[in-house]
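Trainee: Please look closely at one part of this model and take me through it, with the cut-offs behind each term.

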Amino acid sequence: MAYSLVISGSEVGHFRSIADSEEAKNMREGEEINADERVMDVSLKDLSKQLEEFAMARDWEKFHSPRNLLLAMVGEVGELSEIFQWRGEVDKGLPNWEDADKEHLGEELSDVLLYLIRLADICGIDLGDAATKKIVKNAIKYPPKPRERKLL
Ligand SMILES: Nc1ccn([C@H]2C[C@H](O)[C@@H](COP(=O)(O)OP(=O)(O)OP(=O)(O)O)O2)c(=O)n1
């Protein structure tokens, strides 16, 4: 049986509860989820909250220690690497890739991101704030190329 879970940009709250929705609970392995619309502008804090709720609903908080989350993230980095393994150099935008391969890539990138966000949260790090400050620090360390002066 196929399920179609439609998520719109204005329904992030709905999306937030999808993992614990009746449809999700009733789903069996191999059944299809069809997210027809993209979720726009989801924030790190939104994702962090969803991950906390996901762990709480399954009583998985006891497993989400900093070390376990780090190891889980590294494992997902390995799965991400496997997608690129033996392919040689890949063009930007992945023009010759099958849709299924791109979807798989999106899933593995998401797994890395989600474990990273959860790790930061569990460690009490505000990742959005830390990353923004790091970008500023990077810009000071690596100043932009000076513009060429126009000679009058
Ligand atoms: N204790 C856990 C287990 C899973 N997840 C979440 C975070 C990841 O987004 C995803 C990882 O799930 P799997 O371990 O099933 O890994 P994959 O989705 O990569 O499946 P597979 O390894 O079979 O390809 O689920 C989590 O938060 N906490």
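Mentor: On the helix 3 side, Leu-44, Leu-47, Ser-48, Leu-51 and Glu-52 meet Leu-114, Ile-117, Arg-118 and Asp-121 of helix 5 (contact: C-beta atoms, placed from the backbone, within 7 Å; helices: DSSP runs of H or I, at least four residues, numbered from the N terminus). By class, that contact holds 5 nonpolar, 1 polar and 3 charged residues. The model is predicted, so local features need pLDDT of at least 70 and side-chain atom pairs 80 or more, while totals for chains, interfaces and linings use all residues. Residues are numbered from 1 along each chain as its sequence is written.

Helix 3 covers residues 44–57, and its axis lies 9 Å from that of helix 5, at an angle of about 85°. The two helices are therefore roughly perpendicular (65 to 115 degrees).

Leu-114 of helix 5, part of the contact with helix 3, is also among the residues around the ligand, with Trp-60, Phe-63, Glu-79, Asp-111 and Tyr-115 (C-beta, placed from the backbone, within 6 Å). Helix 5, residues 99–122, gives this shell its largest share, 3 residues. The shell counts 4 nonpolar, no polar and 2 charged residues.

Trp-86 follows helix 4, with a positive phi near 70°.

On confidence, the protein chain has a mean pLDDT of 83, with 76% of its residues at 70 or more (pLDDT: the predictor's confidence in each residue, from 0 to 100). Residues 1–17 are below 50, with 31 contacts beyond near neighbours in sequence. Residues 26–33 are also below 50, with 8 such contacts. The model scores ipTM 0.95 and pTM 0.79.

Technical notes: Nonpolar A, V, L, I, M, F, W, Y, C, P; charged D, E, K, R; others polar. Axes fitted to C-alpha atoms, helices over the stretch in contact; angles between N-to-C directions. Parallel < 35°, antiparallel > 145°, perpendicular 65-115°, else oblique. Contact = placed C-beta atoms within 7 Å.
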